[in-house]
Amino acid sequence: MLNSQAVSFHLGTRDIKEIPWATFQVNPQDAQELYWIHLGDLQPATLQAASQKLSLPESLTAELTSSESIPDVDETENSLTLIVHYWEPSFSGNEAMEPRRLILYLTERFCLTIATDPIPALEQFLRTYRREFRFAKTSNFILFLILDYLVDDFTKMLRRLDQASEEIDNKIHDHFEEHLNSEVIALKRQIITLKNFLGAL
């Protein structure tokens, strides 16, 4: 899980600065300064600070405190909110993991990401943003990078599911065993789940 944090990127000077969440404020004087902000917890104090610092709409704060969530896109004149579910299949015979929620909130000045569980795409973004930001011209680019990493993750999962199904196929041809039926059914369930997540994404 990533801690709450912020990074500023200046379109003119190309400077990149990491800013502790506790001291972060959007600079209203310089429209060329863009931000990636991440909230890693949904404690009341964090939500209150985020709401004040970023002027978050009530619909977003209501979504953050809701226990039920579905993938969604909400567009207004000044912002775009995406609710994405990330899911990772199980290849060890255990039950698949529960879906993890990632919320992305985009304005002209910043891209806010909110996730309380580990999301590999965000970790990848954190490793590469210093190299990638040189191509940025708007805050949309931050959103693009994160969604691109999400799609890459799902592509890798599909490849792994394909390999797993091939292994089962080989086992069936070599020597059929009764437990293979349950493996096939479990794999089929995971493929259907993944297709649902990909469709929503």
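How many of the residues of strand 6 are buried, and what does this say about how far the strand is enclosed by the rest of the structure? In this predicted model, local features require a pLDDT of at least 70 and side-chain atom pairs count only at pLDDT 80 or more, whereas totals for chains, interfaces and linings use all residues. Residues are numbered from 1 along each chain as its sequence is written, and side-chain values use heavy atoms, with hydrogens and water left out.

The C-alpha atoms fill a box of roughly 70 × 35 × 30 Å along the principal axes. Of the 201 residues, 42% are buried, buried meaning under 20% relative accessible area with a 1.4 Å probe and protein chains only.

The 7 strands form an open sheet of mixed pairing in the order 2-1-3-7-6-5-4, two strands being paired if DSSP finds at least two bridges between them. Its edges are strand 2 (16–20) and strand 4 (72–75), each of which pairs on one side only. Neighbouring strands of the sheet are turned by 15 degrees against each other on average, direction ignored. Strand 1 (residues 5–10) pairs with strand 2 in the antiparallel sense over 5 bridges, and A6 stands opposite I19 of strand 2.

As to the opening question, 7 of the 7 residues of strand 6 are buried, so this strand is largely enclosed by the rest of the structure. R100, L102, L104 and L106 point one way from strand 6, while R101, I103 and Y105 point the other way, and all are buried. Strand 5 is joined to strand 6 by 7 bridges in an antiparallel arrangement, with T81 opposite Y105. Strand 6 also pairs with strand 7 in the antiparallel sense, over 4 bridges, and L104 has T113 as its bridge partner in strand 7; a hairpin through 3 residues joins these two strands.

Helix 2 (residues 58–65) lies across strands including strand 6, to which it runs at about 165 degrees. Helix 3 (residues 120–132) lies across strands including strand 6 and strand 2, running at about 130 degrees to strand 2.

How values were computed: Buried means under 20% relative accessible area, exposed over 50%, partly exposed in between (1.4 Å probe, protein chains only). Axes are lines fitted to C-alpha atoms, for helices over the stretch in contact, and angles run from 0 to 180 degrees between N-to-C directions. Contact means heavy atoms within 4.5 Å.
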